[in-house]
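Hi everyone, thanks for coming. Let me put the sequence and the structure up on the screen, and then I'll walk you through a few places in it.

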Amino acid sequence: MKKIYSDAATALDGLLFDGMHLCVGGFGLCGIPERLIDAIQADGVKDLTIASNNAGIDNEGLGKLLRSKQVKKMISSYVGENKEFERQYLSGELEVEFCPQGTLAERCRAGGAGIPGFYTKTGVGTQVADGKEVKSFDGEDYILERGIFADLCLIKGWKADKAGNLIFRKTARNFNAPMATAGKICVAEVEEIVEVGELDPDAIHLPSIYVKRLIDGSPYDKKIEFRMTRERETAS
């Protein structure tokens, strides 16, 4: 099976269709599959349902797909600083399913593990519990959350070998690991592809069996969501 593709558009060829459900890794601008997102924007596929921690920022990351009106529904834990996300939600243009952050990660992990649902205390007694089954265990109430399983998963890694074994870098591991398993097909972009055997087997975060298509998206321009500085202290 061919695993390495020349670019994002080629890697997504034949996988995109209107109304599809995607799981997209990343947190803010950290660990987002930006080359694959750009390719989806260029394709013009629409009415997308996307499960992702948030939608990037205005015109960066998934924010690009919001601007181009390709997203029908977001399953997210955080609106953040994305003003277009906020505007579309408040105006009724975008359907949003808010989900506690840990619950969202577990819903994706569960979907990837073949678990259709699980019970959690998170959200009990709040709007998160509205319309959901409540069950008592040992005198405590828990709500039923459904696992998430998408048509397509898009993730960003640091290094991969030519077989598709993949390593994430530090906090970029965030949602990428659970998202990678939670769909029929996982397409990954990485900063470097090396020969099989060059990666320490004990350092592999995602085995190659999960990665169906792979691209080298380098070079990347590191984008900063918030830049905070302080004046340099001088010796007295």
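Which residues have the most contacts inside the largest nonpolar core? Before I answer, a word on what you are looking at. This is a predicted model, where local features need pLDDT of at least 70 and side-chain atom pairs count only at pLDDT 80 or more, while totals for chains, interfaces and linings use all residues. Residues are numbered from 1 along each chain as its sequence is written, and side-chain values use heavy atoms, with hydrogens and water left out.

Now the answer: they are L12, L22, I40, I50, L152 and L154, in a core of 30 residues. By nonpolar core I mean a set of buried Ala, Val, Leu, Ile, Met, Phe, Trp, Tyr and Cys residues joined through side-chain atoms within 4.5 Å. Buried is under 20% relative accessible area, exposed is over 50%, and partly exposed is in between, using a 1.4 Å probe and protein chains only. At least two core residues come from each of α1 (8-11), β1, α2, β2, α3 (63-67), β3 and β8 (150-156). Helix α2 gives the largest share, four residues. Those labels come from DSSP runs, numbered from the N terminus: helices are H or I with at least four residues, strands are E with at least two. As a general point, nonpolar side chains in soluble globular proteins tend to be buried together.

Let's follow the strands. β1 (residues 21-24) and β2 pair in the parallel sense over three bridges, and L22 has I50 as its bridge partner in β2. Two strands count as paired if DSSP finds at least two bridges between them. On its way from β1 to β2 the chain includes helix α2 (residues 34-43), and the three make a right-handed β-α-β unit. Right-handed here means that, with the strands pointing away from the viewer, the path from the first strand over the helix to the second runs clockwise.

β2 also runs parallel to β3 (residues 71-76), joined by four bridges, and there L48 is partnered with V71. Look at the side chains of β2 (residues 48-51) too: L48 and I50 point one way, T49 and A51 the other, and all are buried.

The largest pocket has a volume of about 300 Å³. Its lining has 17 residues, and L29, G31, K156, E191 and K222 lie nearest its centre. That lining divides into six nonpolar, three polar and eight charged residues. For the classes, Ala, Val, Leu, Ile, Met, Phe, Trp, Tyr, Cys and Pro are nonpolar, Asp, Glu, Lys and Arg are charged, and the others, Gly among them, are polar. A pocket is an open set of points on a 1 Å grid over the protein atoms alone, with protein on both sides within 12 Å along at least five of seven lines, and lining residues have an atom within 4 Å of a point. Points are joined across faces, edges and corners, and a volume is the space filled by probe spheres set on them.

Finally, some backbone details. The peptide bond from S218 to P219 is cis, with omega near 0 degrees, and P219 sits in the segment after β13 (213-216). K69, in the loop between α3 and β3, has a positive phi of about 60 degrees although it is not a glycine. K69 is partly exposed, at 47% relative accessible area.

Conventions
On a 1 Å grid over the protein atoms alone, a cavity is a set of points where a 1.4 Å probe fits but cannot get out, and a pocket is an open set with protein on both sides within 12 Å along at least five of seven lines; lining residues have an atom within 4 Å of a point.
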